[in-house]
Amino acid sequence: MIQKQKYQGLIAACGMNCGLCIGYLRERNPCGGCFKKDDLNKPKSCRSCAIVNCEFLKRTASGFCYDCEKDPCSRLKQLDKRYQTNYGMSMIDNLNFIKAHGMSGFLKNEEARWTCKVCGSGVSVHRDFCLNCKAELRGHSS
Ligand SMILES: [Zn+2]
């Protein structure tokens, strides 16, 4: 039997790991992630996301932007730039890794990368401290 990996089913078309989002990790009204279609807890910006609703994306075999004829499009590059600048994470790097090495390897890396070294809980890309033990996180966010 194949064990379910952490973050499985939480990687959005753009390469975002929804499991790292503060919207997903918050205790009150957590968002179910990009794939949970009619989730009212989903942030407005995610519900109206130009990437997940993109016509070109619908034509891809994998459902990920790396398979798209327009990849990397200006929308993806804009999002990627915002995340690189604000959170030290790149969606495009994520997509390239998944394309080259597969989803399973990506998920394994993500689990190692986004785990609090102090308490072992999953951390958020949007915070520079652990949500559980409040330990300061190094390496992402400036
Ligand atoms: Zn912690």
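Is Tyr 7 buried or exposed in this structure? In this predicted model, Tyr 7 is buried, because its relative accessible area is 5%, below the 20% cut-off. Tyr 7 belongs to the segment before helix H1 (22-25).

## Backbone features

Most residues other than glycine have a negative phi, and most peptide bonds are trans. Tyr 7, although not a glycine, has a positive phi of about 75 degrees. A positive phi, of about 70 degrees, is also found at Lys 134, which is not a glycine either. Lys 134 is located in the segment after H6, and its relative accessible area of 55% makes this residue exposed. A cis peptide bond links Asp 71 to Pro 72, with omega of about -10 degrees. Pro 72 is part of the loop between helix H3 (55-58) and H4.

## The nonpolar core

The largest nonpolar core comprises 34 residues. Within this core, the residues with the most contacts are Cys 14, Met 16, Leu 76, Met 89 and Met 91. Two or more core residues come from each of helix H4 (74-87), helix H5 (91-101) and helix H6 (103-113). H5 supplies the largest share, four residues.

Not counting residues up to four places away in sequence, Met 16 touches Leu 10, Ile 11, Cys 21, Tyr 83, Met 89, Met 91, Val 125 and His 126.

## Tyr 83 and His 126

Tyr 83 is a residue of helix H4, and its relative accessibility of 9% means that Tyr 83 counts as buried. Apart from neighbours within four places in sequence, Tyr 83 has contacts with Met 16, Gly 88, Met 89, Met 91, Val 125 and His 126. Tyr 83 and Ala 61 are 22 residues apart in sequence, and their C-alpha atoms are 26 Å apart in space.

His 126 lies in the segment after H6 and is buried, with a relative accessible area of 15%. Its side chain forms a polar contact of 2.6 Å with the side chain of Tyr 83. The side chain of His 126 also reaches the backbone nitrogen of Ile 22, at 3.2 Å. When neighbours within four places in sequence are left aside, the contacts of His 126 are Met 16, Leu 20, Cys 21, Ile 22, Tyr 83 and Tyr 87.

## The zinc site

Which residues are the protein donors of the zinc ion? They are Cys 116, Cys 119, Cys 130 and Cys 133, each through its SG atom, lying 2.3 Å from the ion. Along the chain, these donors follow the spacing C-x2-C-x10-C-x2-C. Cys 116 and Cys 133 are both in the segment after H6, so this pair ties together parts that are 17 residues apart in sequence.

Why is the arrangement tetrahedral? The four donor atoms subtend angles of 107 to 115 degrees around the zinc ion, and the tetrahedral class requires all angles to lie between 85 and 135 degrees.

## Accessibility of selected residues

The table gathers the values for residues discussed above.

| Residue | Relative accessible area | Class |
|---|---|---|
| Tyr 7 | 5% | buried |
| Tyr 83 | 9% | buried |
| His 126 | 15% | buried |
| Lys 134 | 55% | exposed |

Note on methods: Residues numbered from 1 in each chain as written. Predicted model: local features only at pLDDT ≥ 70, side-chain atom pairs only at ≥ 80, totals over all residues. Heavy atoms only, no water. Core = buried A, V, L, I, M, F, W, Y, C linked by side-chain atoms within 4.5 Å. Buried < 20%, exposed > 50% of the residue type's maximum accessible area, 1.4 Å probe, protein only. Contact = heavy atoms within 4.5 Å. Donors = N, O, S within 2.8 Å, 3.2 Å for Na, K, Ca; no water. Tetrahedral: all angles 85-135°; square planar, octahedral: opposite > 155°, others 65-115°. Polar contact = N/O pair within 3.5 Å; in protein donor to acceptor, adjacent residues only side chain to side chain.
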